[in-house]
Amino acid sequence: MLSARTVLTRTARLSNVRLNSTLVVAEHDETKLAPITLNAITAAGKLGNDVSVLVTGANAQKVAEQVAKVNGVKRVLVAQDDKLKNNLPGKNRDFWLKFTVFDPCSLFFKSFL
């Protein structure tokens, strides 16, 4: 049987591994970043680890350039394809369910579920 200390130490190690990087999914209208995404980036940065931002959409590159200028963002990942037009997560639900996402609690993200 493991001691409580051993269990806590192992749990802390696992937690640190998961929190070495945080992914924020950008909400936008294909031309500009939604303010709630900036809030999510700020909150993710307070975890004290690298913040990566995923920008998806048919015109994701424009928004990705805006995200790259945001303080605290270490990496910007871009998924640009016409299939992602209008950025509707419900259409790509199976894809999104594979990730742990820092959710800014907007209607956009509520449609994931």
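Q: Is Arg 75 buried or exposed, or partly exposed?
A: Arg 75 is partly exposed, at 35% relative accessible area. Buried here is under 20% relative accessible area, exposed is over 50%, and partly exposed is in between, with a 1.4 Å probe and protein chains only. Keep in mind that this is a predicted model, where local features need pLDDT of at least 70, side-chain atom pairs count only at pLDDT 80 or more, and totals for chains, interfaces and linings use all residues. Residues are numbered from 1 along each chain as its sequence is written, and side-chain values use heavy atoms, with hydrogens and water left out.

Q: Thanks! Where does Arg 75 lie?
A: Arg 75 is in strand 3. Helices (H or I, at least four residues) and strands (E, at least two) are DSSP runs, numbered from the N terminus.

Q: And which residues is Arg 75 in contact with, leaving aside neighbours within four places in sequence?
A: Ser 21, Asp 50, Val 51, Ser 52 and Val 53 are in contact with Arg 75, where contact means heavy atoms within 4.5 Å. Leu 54 sits 21 residues from Arg 75 in sequence, with 8.6 Å between their C-alpha atoms.

Q: Let's zoom out. What is the strand order in the sheet?
A: The order is 1-2-3 in an open sheet of three strands, with parallel pairing. Strand 1 (21–25) and strand 3 (73–80) each have a single partner strand, so one side of each edge strand has no neighbour in the sheet. On average, neighbouring strands are turned by 25° against each other, direction ignored. Axes are lines fitted to C-alpha atoms, for helices over the stretch in contact, and angles run from 0 to 180 degrees between N-to-C directions.

Q: How many bridges link strand 2 and strand 3?
A: Seven, in the parallel sense; two strands count as paired if DSSP finds at least two bridges between them. Val 53 stands opposite Val 76 in strand 3, and Val 55 has Val 78 of strand 3 as its bridge partner.

Q: What about strand 1 and strand 2?
A: Those two pair over five bridges, also in the parallel sense. Thr 22 has Val 51 in strand 2 as its bridge partner. From strand 1 the chain crosses through helix 2 to strand 2, a right-handed β-α-β crossover. Right-handed means that, with the strands pointing away from the viewer, the path from the first strand over the helix to the second runs clockwise.

Q: Why would you call strand 2 largely enclosed?
A: Seven of its eight residues are buried, so the rest of the structure largely encloses strand 2.

Q: Now the core. Which residues touch the most other members of the largest nonpolar core?
A: Val 24, Ile 41, Val 53, Val 55 and Val 67 do, out of 15 residues. A nonpolar core is a set of buried Ala, Val, Leu, Ile, Met, Phe, Trp, Tyr and Cys residues joined through side-chain atoms within 4.5 Å. Helix 2 (35–45), strand 2 (50–57) and helix 3 (60–68) each give two or more residues, and helix 3 has the largest share, four residues.

Q: One last thing: what is phi of Glu 30 near?
A: It is near 80°, a positive value in a residue other than glycine. Most residues other than glycine have a negative phi. Glu 30 is in the loop between strand 1 and helix 2 and counts as buried at 11% relative accessibility.
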